[in-house]
Amino acid sequence: MDAPHAADSGATISVVDRVSGMLQRRSQQVQQLLRSPVRDTRMAVVIGRMLALALVVCFTTGVYSHLLQSPLPWLPLPTRPIGLYAWTQGIHVVSGSMLLPLLLAKLWTVYPRLFRWPPVRGAADLVERASIAVLVATALVVPVTGVLNALEWYPWTFSFRRTHFALSWMLMGALLVHIGVQLPAIRRHWRRDAGEEADDDR
């Protein structure tokens, strides 16, 4: 009675191995087609620095604005000089508008990794991929809703301020997780010049 089960198990493993091998070959072919001299870890780090800076500036000025509109009794905030709020909001809008082109450039640089096989290579990789999904989704939604708010067009029924504020915290949390996972690669490529050789961490 055990022999048929063993044969079925062997056939199943064989099918799984064949499918896995086929997907791996396809993955390698796609990544080869998408290969480019500028799609490397160094370029991802360079764009990531600008993207992270824009995110931090946008987040900081946004929190300042939110706390001025919903102040905390124990947290005094500077309100002088008179033009301070206008300046911070101008910086908030400019840095928020920069997020979309920077994010698209970063995605263009790293998106061949989406075709990697196997897609997940361990618990840390799973956490990173989940954080990237949250990071990309919120980094697209937050600036788009912010631009629509500046245009005073609200094609949604939820509260803009509360949702924008909550998504901003999610975005920063996902960014911190992503930086934490990628910190070794970031440290290796932070100061590397374009002509220098380095291992590709992708």
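**Entry 1**

Helices here are DSSP runs (H or I, at least four residues), numbered from the N terminus. I worked from a predicted model, in which local features need pLDDT of at least 70, side-chain atom pairs count only at pLDDT 80 or more, and totals for chains, interfaces and linings use all residues. Residues are numbered from 1 along each chain as its sequence is written, and side-chain values use heavy atoms, with hydrogens and water left out.

I listed the buried residues of helix 4, among them Asp 125, Glu 128, Leu 135 and Leu 148. Buried means under 20% relative accessible area, exposed over 50%, and partly exposed in between (1.4 Å probe, protein chains only). Their cover includes helix 3 and helix 5 (160–189).

**Entry 2: Ser 65 and Gln 89**

I found Ser 65 in helix 2 (residues 41–69) and Gln 89 in helix 3 (residues 84–110). Ser 65 counts as buried because its relative accessibility is 6%. Not counting residues up to four places away in sequence, Ser 65 touches Tyr 85 and Gln 89; contact means heavy atoms within 4.5 Å. With the same exclusion, Gln 89 is in contact with Thr 61 and Ser 65. Gln 89 and Thr 61 are 28 residues apart in sequence, yet 6.8 Å apart in space, C-alpha to C-alpha.

**Entry 3: the largest nonpolar core**

I looked up the largest nonpolar core, which has 15 residues; Leu 55, Leu 99 and Leu 135 are among those that touch the most other members. Helix 2, helix 3, helix 4 and helix 5 each supply at least two residues, and helix 2 gives the most, with six. Such a core is a set of buried Ala, Val, Leu, Ile, Met, Phe, Trp, Tyr and Cys residues joined through side-chain atoms within 4.5 Å.

**Entry 4: aromatic pairs**

I noted five aromatic pairs. Rings of Phe, Tyr and Trp (its six-membered ring) pair if their centres lie within 6.5 Å; planes under 30 degrees apart count as stacked, over 60 as edge-to-face and the rest as tilted. Trp 156 and Phe 160 are stacked, because their ring centres are 6.2 Å apart and their planes at 25 degrees.
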